[in-house]
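Please read the following account alongside the sequence and the three-dimensional view. It begins with a contact between two side chains and then widens to the chain as a whole.

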Amino acid sequence: MKASVKWTDGRQFVAESGSGHSVVIDGPPDHGGRNTGPRPMEMLLMGMGACTSFDVLEILDKSRAPVSDCVASIEAERADSVPSVFTRIHVHFTVTGKGLKENQVKRAVELSAEKYCSASIMLAKGGVEVTHSYEIVDG
């Protein structure tokens with residue numbers, strides 16, 4: 001896996017993935033940025049959320065669960081001192097579908113957290129307290 005990050009101006013960068021997709025990453029104005037994109041640590045958090053969501057949906061799809069929507073709401077705390085690493089991350093899934101079974105959703109979230117999500121497992125092994133919860137919405 002490869003990526004490149006090119007500085008454009010101030011604290012703005014264009015990151016390009018090995019698969020050819022680009023995203024603008026920027027800092028706040030008080031640090032020389034122009035607020036034109038997410039902050040680097042926000043990208044890390046969003047990447048982790050997408051990674052675990054991908055797993056949950058893949059697992060639910062394989063079990064033929066009738067999912068119509070899935071939202072991962074992520075809250076994180078960071079250390080007060082430099083380096084301001086994540087110390088705690090909580091992911092709350094809201095999974096919507098007609099007649100979803102709780103045991104299927106619970107299993108999907110647990111499997112992602114414990115076995116499949118490379119991003120969250122890597123962060124947990126690095127000392128971040130990573131927790132998960134879920135709710136099911138019938139619809």
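Which side chain meets that of Arg34 in a salt bridge? In this predicted model, where local features need pLDDT of at least 70, side-chain atom pairs count only at pLDDT 80 or more, and totals for chains, interfaces and linings use all residues, the partner is Asp9, at 4.0 Å from N to O. Residues are numbered from 1 along each chain as its sequence is written, and side-chain values use heavy atoms, with hydrogens and water left out. A salt bridge is taken here as a side-chain nitrogen of Lys or Arg within 4 Å of a carboxyl oxygen of Asp or Glu. The pair links distant parts of the chain, since Asp9 belongs to strand β1 and Arg34 to the loop between β3 and α1, 25 residues apart. Arg34, at 47% relative accessibility, counts as partly exposed, and so does Asp9 at 41%; buried means under 20% relative accessible area, exposed over 50%, and partly exposed in between, with a 1.4 Å probe and protein chains only.

The domain assignment gives domain 1 (1–37) and domain 2 (40–137), with bounds that come from an automatic or database domain assignment, and the centres of the two domains, taken over C-alpha atoms, are separated by 25 Å. Along its principal axes the C-alpha trace spans about 50 × 35 × 30 Å, and buried residues make up 29% of the 139 residues in the chain.

The opening strands can be followed one by one. Strand β1 (residues 3–9) runs antiparallel to strand β2 (residues 12–17), to which six bridges join it; two strands are said to pair if DSSP finds at least two bridges between them. Within this pairing, Lys6 stands opposite Val14 in β2, and the hairpin has two residues between the strands, with Gly10 taking a positive phi near 55°. On its way onward the chain passes from β2 to strand β3 (residues 22–25), and these two, again antiparallel, are joined by four bridges, with Ala15 having Val23 in β3 as its bridge partner. The hairpin of β2 and β3 has four residues between the strands, and Gly20 in the turn has a positive phi of about 95°.

The space in the largest pocket is about 350 Å³, and of the 15 residues that line it, Lys2, Ala3, Glu16, Ser17 and Gly18 are the closest to its centre. On a 1 Å grid over the protein atoms alone, a pocket is an open set of points where a 1.4 Å probe fits, with protein on both sides within 12 Å along at least five of seven lines, and lining residues have an atom within 4 Å of a point. Grid points are joined across faces, edges and corners, and a volume is the space filled by probe spheres set on the points. The lining of the largest pocket divides into seven nonpolar, six polar and two charged residues, where Ala, Val, Leu, Ile, Met, Phe, Trp, Tyr, Cys and Pro count as nonpolar, Asp, Glu, Lys and Arg as charged, and the others, Gly among them, as polar.

The second largest pocket holds about 260 Å³ of space, and its lining residues include Pro40, Met43, Cys51 and Met122. The elements that give two or more residues to this lining are α1 (40–62) and α3 (118–125), and α1 gives the most, with six. Eight residues of the lining of the second largest pocket are nonpolar, one is polar and none is charged.

The structure holds three salt bridges, and the remaining contacts can now be placed. The side chains of Glu77 and Arg88 meet at 3.2 Å from N to O; Glu77 lies in strand β4 (residues 67–78) and Arg88 in strand β5 (residues 86–97), so this pair ties together parts that are 11 residues apart in sequence. Glu77 counts as partly exposed at 41% relative accessibility, as does Arg88 at 22%. Glu110 and Lys106 also form a salt bridge, at 3.2 Å from N to O, and, being four residues apart in helix α2 (residues 102–116), they are separated by about one helical turn. Both are partly exposed, Glu110 at 34% relative accessibility and Lys106 with a relative accessible area of 39%.
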